[in-house]
Amino acid sequence: MKNWEEEYKNSELLWGLNPNSTLTQYAELVPAGGKVLDIGIGEGRNAFFFAQKGFSVEGIDLSETAIERCSALSKKHHLDVVAKVADITTFDIEPNHYSFIILSNVLNFFPEEEIAPIIDKVKKGLVKDGLVYVNAFDINEPSRKKAIDKYKRLGRNSFFDATNNMFLHYFTKDEFEGLFPTYRTIKTGHSYAMDLSHGEPHYHSTLELLAQKQ
Ligand SMILES: C[S@@+](CC[C@H](N)C(=O)[O-])C[C@H]1O[C@@H](n2cnc3c(N)ncnc32)[C@H](O)[C@@H]1O
C-alpha cells in the first residue's frame with residue numbers, strides 16, 4: 001500500500017529544503033527564546049529555518065523515514081530540532097508551551113471530524129500571543145476533481161483514497177478562516193500556483209493563515 005512512508009522512501013528529499021515563504025516573511029514576530037512545534041514536520045525544511053534562527057524546535061510526523069531524514073540533517077548541521085514519530089490525532093501537545101505551531105501542508109489529510117480536535121489541541125498548546133501557521137488545499141485544488149472521480153466520497157469536500165490509505169479534505173474559505181475565530185489575523189491568503197518543488201510541475205490551490213492567540 002502506498003502511503004507517506006512510501007512517498008518518502010521513493011525520494012531522496014521529497015519537499016526540498018526551502019522553507020515556506022510566509023514563514024520566512026513573518027519569522028521576526030515569533031518571540032525570541034520561544035519554542036516551535038512543527039506538526040507533520042516531514043524532512044524538516046521549515047523546522048530547520050527556525051532552528052537556524054535560534055529557536056528550539058520540536059516536530060512530529062507519521063513517517064519514520066521522514067523523521068530519520070530530518071534528524072540526520074539537523075544533526076549534520078548542528079540544529080536544535082527534536083523530531084519524533086507520532087500521530088497528531090493521538091499526540092498530546094503540552095498545554096501553554098509553544099510560541100509558534102506550524103501545520104504546513106498537513107491539515108488536508110484527515111477525516112473531517114478529526115480536524116477540530118487537532119485545532120483545539122493546537123490552541124491549548126500555544127502561549128498567549130503565540131502564533132499559528134496553517135496552509136491547506138481549498139475546494140479549487142485540481143486534485144479534488146480526481147478525488148470526485150476516483151475516491152470514496154465521505155462528504156461534500158471529504159474523500160478516502162483506499163489505494164493510498166489516505167483521507168483528503170478540501171477546505172472552503174469560510175471553513176478555513178473560521179479555524180481560529182478569536183485570534184488576531186496576521187495574514188490570510190489564497191494562491192493558485194505552479195509547484196516546481198517536487199515531481200512534474202503541477203498546480204495547487206492553497207489557503208493560508210498566520211494568526212496570533214490573544
Ligand atoms: C505534504 S507533507 C508536508 C511536510 C512538511 N510539513 C512540509 O511542509 O514540508 C504532509 C506530512 O504530514 C505528515 N502526516 C500526515 N498525517 C499525519 C498525522 N496523523 N500525524 C503526524 N504527521 C502526519 C505526513 O507524514 C507528511 O510528512
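Tyr203 is partly exposed, because its relative accessibility is 39% (buried is under 20% relative accessible area, exposed is over 50%, partly exposed is in between, with a 1.4 Å probe and protein chains only). This is a predicted model: local features need pLDDT of at least 70, side-chain atom pairs count only at pLDDT 80 or more, and totals for chains, interfaces and linings use all residues. Residues are numbered from 1 along each chain as its sequence is written, and side-chain values use heavy atoms, with hydrogens and water left out.

**Tyr203 and its surroundings**

- Tyr203 sits in strand β10 (residues 202-212), and Tyr192 in strand β9. Helices (H or I, at least four residues) and strands (E, at least two) are DSSP runs, numbered from the N terminus.
- The rings of Tyr192 and Tyr203 count as stacked, because their planes stand at 15°, with the centres 5.4 Å apart.
- Rings of Phe, Tyr and Trp (its six-membered ring) pair if their centres lie within 6.5 Å; planes under 30 degrees apart are stacked, over 60 edge-to-face, and the rest tilted.
- This pair links distant parts of the chain, with Tyr192 and Tyr203 11 residues apart.
- Tyr192, Met194, Leu196 and Tyr203 make a nonpolar surface patch of about 460 Å².
- Patches take residues with over 30% relative accessible area and no salt bridge; like charges are joined within 9 Å, nonpolar side chains (Val, Leu, Ile, Met, Phe, Trp, Tyr) within 5 Å.
- Accessible areas come from the Shrake-Rupley method with a 1.4 Å probe; for residues, only the protein chains shown count as cover.
- Met194 belongs to strand β9 (residues 184-195). Met194 is partly exposed, because its relative accessibility is 45%.

**Seven-stranded sheet**

- An open sheet of seven strands runs in the order β3-β2-β1-β4-β5-β10-β9, with mixed pairing. Two strands pair if DSSP finds at least two bridges between them.
- The edges are β3 (81-85) and β9; each has a single partner strand, so one side of each lacks a neighbour in the sheet.
- From one strand to the next, the twist averages 15°. Axes are lines fitted to C-alpha atoms, for helices over the stretch in contact; angles run from 0 to 180 degrees between N-to-C directions.
- β9 and β10 run antiparallel, joined by 11 bridges. Asp195 has His202 in β10 as its bridge partner.
- Ser197 lies in the loop between β9 and β10. Ser197 is partly exposed, because its relative accessible area is 46%.
- Ser197 and Gly16 are 181 residues apart in sequence, yet 6.8 Å apart in space, C-alpha to C-alpha.

**Three-stranded sheet**

- Strands in the order β6-β7-β8 form an open sheet of three, with antiparallel pairing.
- β6 (152-155) and β8 (166-169) are the edge strands, each pairing on one side only. The twist averages 25° from one strand to the next.
- Four bridges pair strand β7 (residues 158-161) with β8 in the antiparallel sense. Phe159 has Leu168 in β8 as its bridge partner.
- The hairpin of β7 and β8 has four residues between the strands, and Asn165 there takes a positive phi near 50°.

**Other aromatic contacts**

- The structure holds 10 aromatic pairs. One of them is Phe180 with Tyr183: the centres are 5.0 Å apart and the planes at 55°, so the pair is tilted.
- Phe180 and Tyr183 are both buried.
- Phe49, Phe50, Phe55 and Phe100 are linked into a cluster by ring pairs.

**Salt bridges**

- Five salt bridges are found in a search of the whole structure. A salt bridge is a side-chain nitrogen of Lys or Arg within 4 Å of a carboxyl oxygen of Asp or Glu.
- Lys9 and Glu5 form one at 3.7 Å, N to O. Both lie in helix α1 (residues 4-9), four residues apart, about one turn of the helix. Lys9 is exposed, because its relative accessibility is 57%.
- Glu177 and Lys173 form another at 3.4 Å, N to O. They are four residues apart in helix α7 (residues 173-177), so about one helical turn separates Glu177 and Lys173. Glu177 is partly exposed at 34% relative accessibility.
- Asp129 bridges to Lys128, with the closest N and O atoms 3.6 Å apart. Asp129 is partly exposed at 35% relative accessibility, whereas Lys128 is exposed with a relative accessible area of 57%.
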